[in-house]
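Please walk me through this structure, beginning with the overall fold and then turning to the details of the backbone and the ligand site.

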Amino acid sequence: MSISQIGRSIAESATLKLNETAAILRSKGEPVIHLGGGEPKSMPPIDAIVTAAQLLNSGEVRYTPADGIPALKKAVIRYTEEFYHRHVEPENVICSGGAKQAIMVALQAILNPQEEVVYPAPYWVSYPEMAKLCGGVGVPVYPEDGSFYPRLKDIEAKVGPYTKAVIINSPNNPTGAMYPESFIAEIVQFCEDRDLYLIMDDIYHRLIFDGRKPINCYKYAKDLSENSKLIVVNGVSKQYAMTGFRLGWAVASRQLIRVMTNIQSHQTSGPSAIVQHAAVGALMGVQAGVESLRQTLENNRNVLISRLQAFEGVKVQRPDGTFYCFADFSAYDKNSARLAQKLLDKVRVLVMPGIEFGLDGHLRISYCGAVKDITEGIERMKWVLDPDAPNELYIGTRKLVRDW
Ligand SMILES: Cc1ncc(COP(=O)(O)O)c(C=O)c1O
């Protein structure tokens, strides 16, 4: 079959595939513990559900403007004022089918074939594939000090004549690292000086721990005119537990938003009207759910870290935010895909292999589920990996006997 070069070059989304595997195993009655997921399990805000239901009941579910309904743009403008202390106009906002689409149309709007987009590694699985989809090239930057905190000099070393954009995701998927404010200041200034686009993927910016506060990148921009190349991306998926709704947005210069809108208008048109109404409900309604989710995640993080710290052979850095931990399991197996498969086969624990995020030897463990799943999942993993573990393990009434 004749398939395009780009089509052939795109890998399946590893995270979505893992969800599928979990669903299939569960449907067969397997005692799966899913520590690989990327979605909070709390309920979406009631305001989101009521607002969406009102529209559905009215039956007036029509096409919307390609860049989003005015009410949602207004809500995004209010959000931008609250969290970024910046006033923007409706022409500076595009609402898309998830932050994923907002990033994708931004890259399609700025990248020419062969141009490069630079991002710190480990990185979100979609960045390299999105660059490829645009005919561009993703360039990961591995901090030389081996930490999860990128340094400007490491990024600078990868920026060349083909570089068009930098993507920063902080707090970060998969590491949970929230980059220091000094780094955000440096990267904003660096991109301005080098005339590069800077995409701030802020999708987890409110899910942060230990008293941290969201960082406002605009604070460090010298140029806040319509010539600014700063693109700030956000959405309702993570903070409002609305992953399946599919709504994100970008804030950028009018000119860029116009081009992104033209692209989106031919791709999907505006996001679903029902979902946009739900997002208005979430953004304008009672906000208590975000804080309650944040607190639950912080507690889950603490439980997971204490269990991993007691896991001999595992090296772990304490996540500052998100609901991911990126732990070093290379003492057990340097091949993270093989290790993740072993954990799935032996004890039905799902985790994401680090190689999918560009760093082998690690596993991404999510703590967005129940505490019981976290503790039991780690116990099962320990049983597989610890040579001194007892020969048998009970999962419910099922008896597992070590055969390796
Ligand atoms: C770093 C990062 N950016 C963007 C997204 C996309 O979010 P959305 O569900 O809004 O498309 C995700 C989702 O996993 C993510 O982890």
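**From the whole chain to single residues**

The chain holds 13 helices and 14 strands. Its radius of gyration is 21 Å, close to the 22 Å that the globule rule gives for 404 residues, so the chain is as compact as a globular protein of that length. This is a predicted model. Taken along the principal axes, the C-alpha atoms fill a box of roughly 65 × 55 × 55 Å.

Two further values describe the chain as a whole. Of its 404 residues, 47% are buried. Among contacts between residues at least 6 apart in sequence, 74% join residues at least 24 apart.

The pairing of S9 with strand S12 (residues 362–366) is antiparallel and runs over 5 bridges. Within this pairing, Asp328 stands opposite His362 in S12.

The ligand comes next. The shell around the ligand has 13 residues, and those that come nearest are Gly98, Ala99, Lys100, Gly235 and Ser237. Which helix gives the most to this shell? Helix H5 (residues 98–110) does, with 3 residues. By residue class, the shell around the ligand divides into 3 nonpolar, 8 polar and 2 charged residues.

The bond from Ala121 to Pro122 is cis, with omega near -5°. Pro122 sits in the loop between strand S3 (116–120) and helix H6 (126–133). Ser170 and Pro171 are also joined by a cis peptide bond, with omega about -5°. Pro171 is placed in the loop that runs between strand S5 (163–169) and helix H8 (181–193).

Positive phi values are the next point. His85 is not a glycine, yet its phi is positive, at about 50°. This residue belongs to the loop between helix H4 (70–84) and strand S2 (93–96). Is His85 buried or exposed? His85 has 10 other C-beta atoms within 10 Å, and because a residue with 12 or fewer counts as exposed, His85 is exposed.

Arg348 has a positive phi as well, of about 60°, although it is not a glycine. Its place is the loop between helix H12 (336–347) and strand S10 (349–350). Arg348 has 20 other C-beta atoms within 10 Å; because 20 or more is the cut-off for a buried residue, Arg348 is buried. His85, by contrast, is exposed.

Glu181 has 15 C-beta neighbours inside 10 Å, so it counts as partly exposed.

Notes:
Residues are numbered from 1 along each chain as its sequence is written. This is a predicted model: local features need pLDDT of at least 70, side-chain atom pairs count only at pLDDT 80 or more; totals for chains, interfaces and linings use all residues. Helices (H or I, at least four residues) and strands (E, at least two) are DSSP runs, numbered from the N terminus. A residue is near a molecule or strand if its C-beta atom, placed from the backbone, lies within 6 Å of it. Ala, Val, Leu, Ile, Met, Phe, Trp, Tyr, Cys and Pro count as nonpolar, Asp, Glu, Lys and Arg as charged, and the others, Gly among them, as polar. Two strands pair if DSSP finds at least two bridges between them. The radius of gyration is taken over C-alpha atoms; the globule rule is 2.2 Å times the number of residues to the power 0.38. Two residues are in contact if their C-beta atoms, placed from the backbone, lie within 7 Å.
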